[in-house]
Amino acid sequence: MTQEFTLGERLAAPLHDVAGEAGYDAHPARMGFFTDTSVCIGCKACEVACKEWNAVPEDGLTFTGMSYDNTGGLGASTWRHVAFVEQVRPRDGGRAKPVDLGMPTVRPAPSVPQAANEDDREVRWLMSSDVCKHCTHAACLDVCPTGALFRTEFGTVVVQSDVCNGCGYCVPACLYGVIDIRPGDGRAWKCTLCYDRLGAGQEPACAKACPTKSIQFGPLDELRERAAARVDALRAQGATEARLYGADPANGVGGDGAFFLLLDEPEVYGLPPDPVVTTRDLPSIWRRAAFAAAGLVAAVAACAIGGRR
Amino acid sequence: MAECHPVGFQWVMEAKQRGATIIHVDPRFTRTSAVADIHVPLRAGSDIAFLGGLIRYVLENDKWFREYVVAYTNAPMILREDFRDTEDLDGLFSGFQEDTRHYDPSTWQYEGADVAAAAGQRDQWSDMESNEKGSSSDSRSEHARRGAATARVSTSGAGGGTFHGRPERDDTLQHPRCVFQVLKRHFSRYTPEKVAEICGVSEAQFLRVAEALTANSGRERTSAFVYAVGWTHHTVGVQYIRTAAILQLLLGNIGRPGGGIMALRGHASIQGSTDIPTLFNILPGYLPMPHAHDHEDLATYISADAGSKGYWGNMDAYAVSLLKAWWGDAATADNDYCFDYLPRLTDKHSNYDTVMKQLAGESEGYFLIGENPAVGTANGKMNRLGLANLKWLVVRDFQLIESATFWKDGPEIETGELAPEEIGTEVFFLPAAAHTEKDGSFTNTQRMLQWHHKAVEPTGDQRSDLWFYFHLGRIIRAKLAGSTARADRPILDLTWDYPTKGEAGDPDAEAVLAEINGFGPDGKPLSSYTELKADGSTRCGCWIYCGCFKDGVNEPARRKPGSEQSWVAPEWGWAWPANRRILYNRASADPEGRPWSERKAYLWWDPEQKKWTGHDVPDFQPDKSPDYRPPEDAEREDAIAGTEPFIMQADGRGWLYVPAGLADGPLPAHYEPHESPVPNQLYGQQQNPARQVYPHRLNRYAPSGDDPGAEVFPYVFTTYRLTEHHTAGGMSRWLPYLSELQPEFFCEVSPQLAAERGLEHLGWATIVNPRAVIEARVLVTERMRPLRVGGRTLHQIGLPYHWGGNGLSTGDSANELLAIALDPNVHIQPTKASVCDIRPGRRPRAPAAAPLVADYQRRAGITAETGTEAVTGGKKK
């Protein structure tokens, strides 16, 4: 069944068959990542496995001082990035209680995972492996003029380095700051969700290397179900802050092909809280541009007509 | 564990998902702490106080597993009247001899019996003797002399357990001199208040751990302990593990599923290189290395353990089979199975003793195989100066590590202490093949052998270690061929006929495994160590590995998925001995042979079939009924009763108290680290009195506690690893993908210490102590926090030790700061707790660096004697 869309919907609404919409008749289920940060131990095996498999070059021996994160963020030569977030808050007696530190939000302290309790305070060390979200509505793909970026039969988004001309349109189009131009190379690079491995029936290198199953690979529908159950379980254990990020098909990108279980606000992990695909407003932008252009034409015509008088 | 063993940590995460409570006790807030339910950031070097507090909690609150303790441990054994505890002697046990710094352990024995250990330090007698040369032997008891004659074997791993007489027992545990009562008195001062004061943790936090641990132990539940070098790298390291063992025995957590004490080894197959040892004082399978003069012949060597109870009673079969494996047909009953061919111990030959000999010019050559002492061991400078004083050095590694290039670019070249043209050491660098480039086995902490197959051929001149030693031996043998010299016979008579494969001529690793497994009289592979004979008819390269190549099948190579077999997974790899997954598993059943609980059923006695059955291979004679009581004259395993699970021990029991086998006391006691800014708050005795010290101009020690000058080094530092790098960096600092993840040496400090010392985040810090000055980038983190210890604030500094001057990611080596002062049992250095000062900015370069260290030494009043005192008790109390 093919969905019927308005143009605006086609750019941002939920799509139940993203590969079908991209023109694949018979195709496998949409595949994706569920990254459960509540069991991430920050070992960075995903970063190394990704670089090894995809032959991504080393991109800087820089000591950042950002906890144990010397990677910094996703980029042309970093397709998996483990963030390390250190948090401290006071605690009261045996049970943690929310304390207003005058911070922007007051939240109950998490109880079970990613928490180690000391007496007078609580230290949390959040770790999360970030990756390309393989958006349902991928602006990078939509703006690519050469067709270097394409939707695969698995519903993932891949850039073909031999087609990319390095125009860089995709870079500002990505609202997550994932895709980037590699210095000295000039072309755009990002996670392929190991398209080559998927084609051979293998799971992506990062998921394969992850020792704690923090990175789970599989059909997106299954992953969403599993993730929902995991959030419920964590909340039942008292981790009231557990939430999914990017799993909702009704979000601003039509749902992410790679989504996350977080233990705090997305901003804490460096993720945009309310992502909206940058091309969602293209119709209205074009409408306004067309309107402005028409106005301009009219004005010029008016001048010309006026001048003739 | 998550930090250094992330792959193994997946099972902890799985346990957590299934409801396990994860408690992490570590001075450092690591990746493990991040996912633990409870993190206890105790002061580095205070673990015995913490564990001792738990023992006291268990005893005082009646949380111990009575039936298990009475039947399976030595709690009822009665001690000699002349034993004195630390309670009586302000931190010393009876028998300490201040002049030799050694204990005479004779007063530690049971009343009415002498035993030697199945594991541990067994050269205490010989050490005493050698240290007492020239002094009157009258000072030694008759017992010690008797002991020297019977129990004098040397090993740091294990050995035979001798047993003479029958110890007296009180199964009501009421006798004032029974082990249980002694234990209770000994740990009575380890109160929660003292734990808090010593460890810098709150009483509430300590009690949370105590409650969680005891609530999860008993008939229905078990708790496991996991440790790594954080426990072993102390001058009292062996006693750390002992304290955990006492606790686990009291709680009934040994020999049962979900229990135990797991040692996480530093890297792959450290367990394997202890089983088939790279250590100086043991032979394969924990047979002791013979001593010169005292073990003139095989009979003398064996008789040190003869007539004993337990499985070590078969040591003659294990030793003869080993000699037959090595010397084959040349080994006959007439020539003592070539026992003369074995090297003998003439002295201490531990790692650091060897370094001292190098410095003294008494050691000519050195092989470094996957080891980088120039940056990887305590007191890097002494190690480098030792290397510079050799005739030849062989380095086999993946990269040109610092130990291979110290002669041209080491720190001493910069300071002018060494000049390349004046170093006589000839260095041979031979590139090594990685584990992916060769066949072989790893033995993990579970004693499980897992085979790895070669994935790719090594490139260039890279070769496996097996290749190197085989061909080295082959060439030496070729050069010696035809020699009639007696000294050459041990080499010429070796069985050295492994088939080789491929262009490079790599020996067939499976042939080596088969030799280790051993062959019977018919030339077929043996299937169990119980088949070994002392008559020369069997050959076996390592008795505990016997059976791993049963029927010619490489059992370590088995990889049957867990989902296709029982939960014990006996068909994944092969675990020594006899593919047993849990040692002493007889303890998983009650004395009558019934499971302690259905939930924890593992092995039980089947009265109908009259044999032990269950989920694992019984670690017991399979048909020995729980009713069996040994006759008076029983020997070997027949001397173990049907209710005694600890079959390697001469008395069949788990030892809460160690009557023999340890160099520094029958019970653990909290001593401060060799160097500590804190006085010992439990005893007048500051440090382990029996620790080994090495006074040397390059190895000066800091004053401790309240001693004058201690305030010059007010901070504790602890060294450790990061996930991103591997030990001294030889396997990681040359790899771009790992180096970019942790590109520089840094120190971790708390915001409070940063403020106190003016350290800036991302700036530089200079760290100095009596031995060295180094610099590191500063990482200010809330994960480090000041502790309240003994009424004062104590700051700790974290130092990952991976760096050196070579590779992609470079930096100073933290190990420059470490002292050479050793645990007396296993000769390990203290890397986990030492002292220093820290100041902002980069370190001085030569020639100003040495004067800075000298200035600190002067300010602290450091002399050759500082920190070397054995006994400090009495003067403070």
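**Entry 1: a leucine and its neighbours**

I started with B:Leu323, which touches B:Ala331, B:Tyr337, B:Cys338 and B:Phe339, leaving aside residues up to four places away in sequence. Touching, or being in contact, here means that the C-beta atoms of two residues, placed from the backbone, lie within 7 Å.

I kept in mind that this is a predicted model, where local features need pLDDT of at least 70, side-chain atom pairs count only at pLDDT 80 or more, and totals for chains, interfaces and linings use all residues. I also noted that residues are numbered from 1 along each chain as its sequence is written, while chains are lettered from A and ligands numbered from 1 in the order in which they are written.

**Entry 2: the cores**

Which residues have the most contacts inside the largest nonpolar core? I found A:Cys140, B:Val179 and B:Leu323, in a core of 229 residues. Helix 15 (residues 315-327) of chain B gives the most to this core, with 10 residues. Apart from it I found another core, of 67 residues, including B:Ala702, B:Tyr715, B:Phe745 and B:Cys747.

I wrote down the terms. A nonpolar core is a set of buried Ala, Val, Leu, Ile, Met, Phe, Trp, Tyr and Cys residues joined through C-beta atoms within 7 Å. A residue is buried if 20 or more other C-beta atoms lie within 10 Å of its own, exposed if 12 or fewer, and partly exposed in between, with C-beta atoms placed from the backbone. Helices (H or I, at least four residues) and strands (E, at least two) are DSSP runs, numbered from the N terminus.

**Entry 3: an enclosed helix**

Next I looked up helix 18 (residues 380-387) of chain B. It is largely enclosed by the rest of the structure, because 8 of its 8 residues are buried. Among them are B:Lys381, B:Asn383 and B:Arg384. The cover over these buried residues includes helix 16 (351-359), strand 11 (365-369) and helix 20 (411-415) of chain B.

**Entry 4: where chains A and B meet**

I counted 34 residues from chain A and 40 residues from chain B in the contact. Helix 3 (45-54) of chain A gives the largest share of chain A's side, 5 residues. That side of chain A divides into 14 nonpolar, 11 polar and 9 charged residues. For this count, Ala, Val, Leu, Ile, Met, Phe, Trp, Tyr, Cys and Pro are nonpolar, Asp, Glu, Lys and Arg are charged, and the others, Gly among them, are polar.

A:Lys44 sits in the loop between strand 1 (31-36) and helix 3 of chain A. It has a positive phi of about 65 degrees although it is not a glycine. Is A:Lys44 buried or exposed? It is buried, with 28 other C-beta atoms within 10 Å.

B:Thr727 also has a positive phi, near 35 degrees, and is a residue other than glycine. I found B:Thr727 partly exposed, with 18 other C-beta atoms within 10 Å.

**Entry 5: a sheet and a cis bond**

In chain B I traced an open sheet of 3 strands, in the order 14-15-18, with antiparallel pairing. Two strands pair if DSSP finds at least two bridges between them. Strand 14 (440-443) and strand 18 (574-575) are the edge strands, each pairing on one side only. Strand 15 (residues 448-452) is joined to strand 18 by 2 bridges, and B:Leu449 has B:Trp574 as its bridge partner.

The peptide bond from B:Trp576 to B:Pro577 is cis, with omega near -10 degrees. Another cis peptide bond joins B:Ala846 and B:Pro847, with omega about 5 degrees.
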